[in-house]
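Please open the structure in your viewer and keep the sequence at hand.

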Amino acid sequence: MTAITAVLGDITGQRVDAIVNAANTAMRGGGGVDGAIHRAGGPSILRECIDRFPDGLAAGDAGWTTAGELPARWVIHTVGPNYAAGQRDRSLLQSCYRRSLQIADELGARSVAFPLISAGVYGWPREDAIAAAVDTIAAADTRVAEVRIVAFGRDNYEAVRRRLEGQVGQGPATA
Ligand code: ADP
């Protein structure tokens, strides 16, 4: 049974075994959460990305590096579909969460923090990005004991909490 919680804040400070990066197919750093992770973790993460992913990664896939100076041990890099560029296959977004948890299992990570993949520059509609995150993690077959969904901003945080409440059968708050 995986405990899923919502956290408001910056994923780079999370004390978990692995944090997940919303990367891009080139796997050479970028903006948003990707830039924050490379800045906070230092240059070893990029060096490992170059070594381990010489050809980058496809949308929906994931791979890992160590975490440099971050408190986590590993960074699991996953490539969300770029909704803004017309990549709107929801199964790719679900695959990001599933593949990341598979990699966490391979690493033996028991606690994992996710950002809201594709919900930033890639433009996936917010409510559906949150639904895909919560529902896919909740349905995953994984040995990860603790998953944190880290929301950068209070609106996203509240929306993740509402979706999680629905998952445990309390039902969403009525307006
Ligand atoms: P994508 O290109 O997959 O859309 P972004 O990094 O642009 O990725 O955004 C993904 C989500 O991560 C957005 O909800 C954004 O607000 C959030 N985000 C940006 N920086 C951080 C951070 N340091 N910690 C956690 N979440 C972050």
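How many helices and strands are there in the protein? Colour by secondary structure: the protein has 5 helices and 6 strands, where helices (H or I, at least four residues) and strands (E, at least two) are DSSP runs numbered from the N terminus. Traced from the N terminus, the elements follow the order β-β-α-α-β-β-α-β-α-β-α. The radius of gyration of the protein, taken over C-alpha atoms, is 15 Å, close to the 16 Å that the globule rule gives for 175 residues, so the protein is as compact as a globular protein of that length. That rule is 2.2 Å times the number of residues to the power 0.38.

This is a predicted model, in which local features need pLDDT of at least 70 and side-chain atom pairs count only at pLDDT 80 or more, while totals for chains, interfaces and linings use all residues. Residues are numbered from 1 along each chain as its sequence is written, and side-chain values use heavy atoms, with hydrogens and water left out.

Now select Asp10: one of its polar side-chain atoms lies 2.9 Å from a nitrogen atom of the ligand. At Ile11, a backbone N or O atom lies 2.9 Å from a nitrogen atom of the ligand. At Val33, a polar backbone atom is 2.8 Å from an oxygen atom of the ligand. Taken alone, the ligand exposes 560 Å², of which the protein buries 89%, by the Shrake-Rupley method with a 1.4 Å probe.

Conventions. A polar contact is a pair of N or O atoms within 3.5 Å; within protein, one must be able to donate a hydrogen and the other to accept it, and residues adjacent in sequence count only if both atoms are side-chain atoms.
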